[in-house]
Amino acid sequence: MPSAFSVRALPRSVPAVLSQTDWTEPWLLGLLVFHLLCLLLTCFSSKRYKLQIGHFLCLVALVYCAEYINEVAAVHWRSFSKYQYFDSRGMFISLVFSAPLLLNAMVIVIMWVHKTLNVMTELKKLQEKRKERTRRRKEE
């Protein structure tokens, strides 16, 4: 059976890539498990700032390396896959590898912004209380 990603039939859109992918392949299921574990680590590391920074840096580094991973996978695809998914444009690896990692990194950034806003709000409240105490002392 010819590959859904053969040179003659390069997918032109995201739905085409997703519909032509054999999601029962063990390495794709392993990749799915990897992405779920990354998401769980993101959720459970929300209270551990240093762990979350390390996790974020790993996610970004993996996205940075996606082009190199795509090149290696394009050469060695027969050893782990039924079909050649890894095209020169990198559409497949971008969708199934980089996009979930970037979404995960975006969740971390949103958590950081939320935490920063909470800290700024608490700081402003403390400043207002201190200002009020100072004003009361001056009145007395």
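Q: What do the buried residues of α3 pack against?
A: The buried residues of α3 pack against α2, α4 (66-76) and α5, where contact means heavy atoms within 4.5 Å. The helices are DSSP runs (H or I, at least four residues), numbered from the N terminus. Please keep in mind that this is a predicted model: local features need pLDDT of at least 70, side-chain atom pairs count only at pLDDT 80 or more, and totals for chains, interfaces and linings use all residues. Residues are numbered from 1 along each chain as its sequence is written, and side-chain values use heavy atoms, with hydrogens and water left out.

Q: Which residues of α3 are buried, and what puts them on the same side?
A: The buried residues of α3 are Q52, H55, F56, L59 and V63. They lie on the same side of α3 because they cover an arc of only 100° around the axis, taking the directions from the axis to the C-beta atoms. The face turned away from that buried side of α3 carries the exposed residues K50, L57 and Y64.

Q: Why is Q52 called buried?
A: Its relative accessible area is 2%. Buried means under 20%, exposed over 50%, and partly exposed in between (1.4 Å probe, protein chains only), so Q52 counts as buried.

Q: What does Q52 contact beyond its neighbours within four places in sequence?
A: Q52 is in contact with T42, S45, S46, I108, M111 and W112. W112 belongs to helix α5 and, leaving out residues up to four places away, touches Y49, Q52, I53 and F56. The C-alpha atoms of W112 and Q52 are 9.7 Å apart, although the two are 60 residues apart in sequence.

Q: How do you know that the span of α3 agrees with what it should be?
A: The expected span of a helix is 1.5 Å times one less than its number of residues. For the 16 residues of α3 this should come to 22 Å, and the end C-alpha atoms are 22 Å apart, so the two agree. Helix α2, with 19 residues, reaches 27 Å from its first C-alpha to its last, close to the 27 Å expected.

Q: What puts the buried residues of α2 on the same side?
A: The buried residues of α2 are W27, L28, L31, H35, C38 and T42. Their arc around the axis is only 105°, so they sit on the same side of α2. They pack against α3 (49-64) and α5, while the face turned away from the buried side of α2 carries exposed P26, L37 and F44.

Q: Why is α2 called roughly parallel to α5?
A: The axes of α2 (residues 26-44) and α5 (residues 91-139) come within 10 Å and cross at roughly 5°. Angles under 35 degrees count as roughly parallel, over 145 as roughly antiparallel, 65 to 115 as roughly perpendicular and the rest as oblique. That makes α2 roughly parallel to α5. The contact includes W27, F34 and L39 of α2, with F92, P100 and M111 among the residues of α5.

Technical notes:
Axes are lines fitted to C-alpha atoms, for helices over the stretch in contact, and angles run from 0 to 180 degrees between N-to-C directions. Helices (H or I, at least four residues) and strands (E, at least two) are DSSP runs, numbered from the N terminus.
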